[in-house]
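Have the sequence and the model open side by side for this one. Here's a quick tour you can follow by clicking along.

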Amino acid sequence: MDPTGDLLLETPADGGLTTGAVARLLGVAPTTLRSWDRRYGIGPAAREDGRHRRWTGADIAALRHMCALTSAGLPPAEAARTVLAGTSGAGTSSTGPSRAEEPGAGASGAPAAPRSARASRAPGPLPVGRARQECRGLARAAVRLDAPALDELLTAVLDRYGLPAAWDEVIMPVLHAVGRKWETAGERYIEVEHLLSWHVSGALRGVTAGRTPTPGAGLALLACVPSETHTLALEALAATLAQQGLPVRMFGAAVPAGALEDAIRRTGPAAVVLWAQSRKTASPALVARLDALEWGVRGARRRPVVCVAGPGWAGRQAPGARHLSGLSDAVDTLATL
């Protein structure tokens with residue numbers, strides 16, 4: 001992917017970038033940019049033919065400032081007032097104010113948290129590191145609690161990269177970033193994690209809506225081990241298998257051992273996948289219990305292939321089980337059963 005600076009250098013001399021190009025550059029949904037323009041006046045200085053938005057370097061600098069403020073927890077309306085005041089004030093360059101000039105900066109030049117952000121204790125930006133540009137956009141939308149932008153960005157990355165790559169390279173890094181922040185910041189990030197998880201789950205279900213499994217393909221039964229509540233990785237696996245025409249039964253979080261046994265006997269799956277997020281929930285004893293199950297008529301009894309997945313199984317011995325190392329490996333393994 002082109003670095004940000006390279007993309008800015010490619011700005012057409014006759015009018016700037018389109019809204020779609022700027023959205024990809026900054027990792028923000030196009031509808032968010034249009035909303036900021038319509039509601040707060042954070043828009044392009046000129047329009048092609050008086051209608052189509054064309055964003056110049058100065059316009060994009062203002063958007064960067066807007067993204068930084070909203071990611072830090074400032075409400076969009078107040079962030080827009082700050083950006084507009086900065087771009088119209090004396091001594092402000094086209095790239096936005098310096099650290100010492102930023103609103104709320106202290107005497108040392110270090111920016112202080114905006115008053116409203118301090119009052120609401122809104123969470124700061126997510127540390128996605130050197131991930132894809134779409135990761136930063138998704139992280140910003142999650143921190144802003146911007147549900148429409150989350151839906152639009154998730155749809156875009158799933159369409160652009162396909163489910164496995166979108167999961168591995170965009171969605172999962174953002175989920176991990178939220179998880180790391182949640183561990184260090186406590187309840188300040190619970191609402192961000194819950195909203196993001198809900199929209200990711202909905203996007204995954206939407207990918208496979210209405211798909212019919214291939215007749216005769218082996219059934220995969222997916223379930224979290226008892227006491228395990230993290231389901232998104234299993235949902236990504238279920239959606240990918242369904243995309244490939246493989247039948248799936250997704251049982252979700254914290255399935256009791258007895259219920260798993262009953263489900264296996266009733267459905268006769270080719271494979272059972274047990275997800276464990278932590279070592280506390282991973283249970284080799286459960287693997288052995290399910291691996292010993294049989295069903296069918298006497299003389300032709302069958303047993304499922306038991307697979308384990310998730311970080312909880314790392315370093316744990318699970319005799320009789322196949323370890324699935326990631327989404328692609330899981331899909332390839334289950335497709336052969």
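This is a predicted model: local features need pLDDT of at least 70, side-chain atom pairs count only at pLDDT 80 or more; totals for chains, interfaces and linings use all residues.

Residues are numbered from 1 along each chain as its sequence is written, and side-chain values use heavy atoms, with hydrogens and water left out. Helices (H or I, at least four residues) and strands (E, at least two) are DSSP runs, numbered from the N terminus.

**The sheet**

- Five strands make an open sheet in the order β4-β3-β5-β6-β7, with parallel pairing (two strands pair if DSSP finds at least two bridges between them).
- β4 (248-250) and β7 (321-324) sit at the edges with a single partner strand each, so one side of each has no neighbour in the sheet.
- From one strand to the next, the twist averages 25° (axes are lines fitted to C-alpha atoms, and angles run from 0 to 180 degrees between N-to-C directions).
- Three bridges hold the parallel pair of β3 (residues 220-224) and β4, and L222 has M250 in β4 as its bridge partner.
- β5 (residues 271-275) and β6 pair in the parallel sense over five bridges; A271 has V305 in β6 as its bridge partner.
- β6 and β7 run parallel, joined by four bridges, with C307 opposite R322 in β7.
- Four of the five residues of β6 (residues 305-309) are buried, so this strand is mostly covered (buried means under 20% relative accessible area, exposed over 50%, partly exposed in between, using a 1.4 Å probe and protein chains only).

**Helix α13**

- L286, V287, L290 and D291 are the buried residues of α13 (residues 284-291).
- These residues span an arc of only 130° around the axis, which puts them on the same side of α13 (the arc is that of the directions from the helix axis to the C-beta atoms).
- Their cover includes α12 (257-267), β5, β6 and β7.

**The largest pocket**

- The largest pocket has a volume of about 970 Å³ (a volume is the space filled by probe spheres set on grid points, which are joined across faces, edges and corners).
- A pocket here is an open set of points on a 1 Å grid over the protein atoms alone, where a 1.4 Å probe fits, with protein on both sides within 12 Å along at least five of seven lines.
- It is lined by 33 residues, and H176, H230, A233, W275 and Q277 lie nearest its centre (lining residues have an atom within 4 Å of a point).
- Elements giving two or more residues to the lining are α9 (163-185), α10 (190-207), α11 (232-243), β6, β7 and α14 (327-335).
- α9 supplies the largest share of the lining, eight residues.

- L234 lies in helix α11 and counts as buried because its relative accessibility is 1%.
- Setting aside neighbours within four places in sequence, L234 is in contact with L222, A223, C224, M250, V273 and W275 (contact means heavy atoms within 4.5 Å).
- L234 and F251 are 17 residues apart in sequence and 9.4 Å apart in space, C-alpha to C-alpha.
- T208 lies in the loop between α10 and β3, and is buried at a relative accessible area of 16%.
- T208 touches A239, A242 and Q243, not counting residues up to four places away in sequence.
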